Amino acid sequence: MKEYSSMADIKSINKLLEMDLNIPDYQRPYKWTIQNIEDLLSDISNAISDADRYRAGFKYRIGTIIVHKNEKGTYDVVDGQQRIISLTLLKQYLEPGFSCSILDKDFTNKITQGNIHTNYMFIREWFSLKSEETKKSFIKAMDDILEVVVICVDKVSEAFQLFDSQNARGKALDPHDLLKAYHLREMKKYPYEMEHAVTKWEAKDTTQIRELFDLYLFPIWNWSRGIKSRSFTSKEIDTYKGIGEGSAYTYARRASKAMPYFQITEPFIAGNDFFEMVDHYMFLLGDIKTEIATNPSFESIEAILEEKNSSTGFRYTKNLFYCALLCYYDKFHNFDEMSVKKLFTWAFMVRIDMENLGFDSINKYAIGDASNSRYTNAISMFAKISFARLHSEISGLQVRIKREGDAPQSSNWNWLYQKLKEINGIAEVSNA
């Protein structure tokens with residue numbers, strides 16, 4: 001293991017900002033947004049509350065800073081500039097006479113300049129809605145509660161090696177792990193429920209949890225709103241932070257009364273309901289797949305789903321169908337044969353329509369993009385389900401099967417085209 005001539009020290013935020021810090025020109029722009037600042041302020045507020053509630057000497061660690069002492073005797077920031085600049089903006093607002101080396105830095109990058117201005121304005125607006133006591137508690141926290149680990153490395157090459165090794169060894173937490181931590185913190189008033197939630201969570205297959213969010217819940221959430229989906233990463237976890245237990249918002253009260261009934265497209269109460277929600281949809285997805293596999297009414301559909309086809313596009317299509325069926329069943333809780341057949345036909349017609357089928361095409365198809373003339377069915381299916389009042393609005397949809405020329409875009413899918421026509425009672429027509 002590589003040894004570094006380095007020194008690690010735990011410092012309060014005030015002590016950190018007293019250091020002669022420099023943001024080198026090789027650093028990327030300052031890219032923290034209002035959302036990042038809001039999260040930081042919320043985390044600090046929670047830390048102050050925890051310190052008041054639990055014990056004297058409570059500390060909240062914001063992260064690790066890696067610096068290199070250059071030939072001028074100042075400390076070049078190798079890792080942590082986003083937090084340092086943000087904390088400097090907060091300190092500058094809290095104590096207007098405050099000065100430090102970061103404030104002396106001449107930032108020339110337009111992105112950095114824009115974000116510094118926007119984020120400072122947000123900090124000022126955020127505190128305008130708070131009491132003077134809140135402001136005083138933040139000032140005190142910079143000395144007494146908030147801290148960072150500062151690692152000072154002698155050689156710049158070692159600083160980058162340490163930065164790289166930390167990122168390789170300290171693999172970023174999966175988004176569902178971050179959500180677990182967030183919702184456990186929301187349950188801190190209920191230690192027994194916390195312990196029970198952790199026990200249940202640890203018994204689950206983490207791969208299945210990851211797939212639940214990445215392949216089903218997050219795409220459905222986006223598609224039902226007419227938005228293209230993307231990979232579910234740590235940047236997207238706000239979608240599943242839920243509503244604070246004590247929120248006075250009208251929609252929060254409605255959600256609270258609705259529990260323990262969940263809807264994929266609707267928010268839930270933060271804390272224990274997150275763990276119940278994950279449980280619910282893992283079981284629901286399994287039940288749906290079992291129903292399709294074992295119900296004789298869906299034998300023809302299951303035969304297609306079980307085809308040994310390694311095509312990436314075919315896998316995308318299968319997942320699109322299960323997403324549509326999960327969205328439908330989540331709302332109406334029935335397996336109406338006509339509705340299931342319509343959803344299946346709609347999903348698999350995109351495989352018939354496209355010679356090459358990637359996720360971008362699936363994304364456009366799912367939100368009903370009518371600009372692609374190759375789609376036989378430009379139906380925003382997830383929005384239709386989301387807004388439907390009765391399940392018959394889905395079973396009654398007109399889903400087209402026969403294409404112009406009565407042939408798929410690629411002859412590779414002749415068999416699938418004929419199967420879809422058979423499922424929908426359309427006599428097979430020879431292409432000879």
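Predicted model: local features only at pLDDT ≥ 70, side-chain atom pairs only at ≥ 80, totals over all residues.
His-183 sits in helix α8 (residues 175–186), where helices (H or I, at least four residues) and strands (E, at least two) are DSSP runs, numbered from the N terminus. Leaving aside neighbours within four places in sequence, His-183 is in contact with Tyr-240, Lys-241, Gly-242, Phe-268, Ala-270, Gly-271, Phe-274 and Phe-275; contact here means heavy atoms within 4.5 Å. With a relative accessible area of 0%, His-183 is buried.

Residues are numbered from 1 along each chain as its sequence is written, and side-chain values use heavy atoms, with hydrogens and water left out.

**Two more residues and their surroundings**

Asn-272 belongs to helix α12 (residues 272–294). Is Asn-272 buried, exposed or partly exposed? Its relative accessible area is 28%, so Asn-272 counts as partly exposed. Not counting residues up to four places away in sequence, Asn-272 touches Met-187, Glu-193 and Ala-197. Cys-323 is 51 residues from Asn-272 along the chain, and their C-alpha atoms are separated by 25 Å.

Ser-229 is found in the loop between α10 (206–223) and α11 (250–258). Because its relative accessibility is 6%, Ser-229 counts as buried. Beyond four places in sequence, Ser-229 is in contact with Phe-218, Pro-219, Asn-222, Trp-223, Phe-359 and Asn-363.

**How helices cross**

Axes are lines fitted to C-alpha atoms, for helices over the stretch in contact, and angles run from 0 to 180 degrees between N-to-C directions.

| Helix pair | Axes come within | Crossing angle |
|---|---|---|
| α2 (residues 34–53) and α3 (residues 81–94) | 11 Å | roughly 65° |
| α2 and α5 (residues 110–128) | 9 Å | roughly 40° |
| α3 and α6 (residues 132–144) | 10 Å | roughly 130° |

To put names to such angles, under 35 degrees counts as roughly parallel, over 145 as roughly antiparallel, 65 to 115 as roughly perpendicular and the rest as oblique. A crossing is left-handed if the near helix is turned anticlockwise from the far one by less than a right angle, and right-handed if clockwise.

Take α2 and α3, whose axes cross at roughly 65°. That angle makes α2 roughly perpendicular to α3, and the crossing is right-handed. On the α2 side, Ile-37, Leu-40, Leu-41 and Ile-44 meet Ser-86, Leu-87 and Leu-90 of α3. The residues of this contact divide into six nonpolar, one polar and no charged. In this grouping, Ala, Val, Leu, Ile, Met, Phe, Trp, Tyr, Cys and Pro count as nonpolar, Asp, Glu, Lys and Arg as charged, and the others, Gly among them, as polar.

The axes of α2 and α5 cross at roughly 40°. That makes α2 oblique to α5, and α2 passes α5 in a right-handed crossing. From α2 come Ile-34, Ile-37, Glu-38, Leu-41 and Ser-45, while α5 brings Thr-118, Asn-119, Phe-122, Ile-123, Trp-126 and Phe-127. This contact holds seven nonpolar, three polar and one charged residue.

Helices α3 and α6 are oblique to each other, and their crossing is left-handed. Leu-87, Leu-90, Lys-91, Tyr-93 and Leu-94 of α3 meet Lys-135, Phe-138, Ile-139 and Met-142 of α6. Here the division is seven nonpolar, no polar and two charged.

Which residues of helix α19 (residues 414–423) are buried? They are Leu-416, Tyr-417, Gln-418, Leu-420, Lys-421 and Ile-423, and they pack against α13 (299–305) and α15 (337–353). Just after α19, Gly-425 takes a positive phi of about 75°.

Most residues other than glycine have a negative phi. Asp-406, although not a glycine, has a positive phi of about 50°. Asp-406 lies in the loop between α18 (392–395) and α19 and is buried, with a relative accessible area of 11%. His-333, also not a glycine, has a positive phi near 55°. His-333 is in the loop between α14 (312–332) and α15, and its relative accessible area of 56% makes His-333 exposed.

Conventions
Buried < 20%, exposed > 50% of the residue type's maximum accessible area, 1.4 Å probe, protein only.
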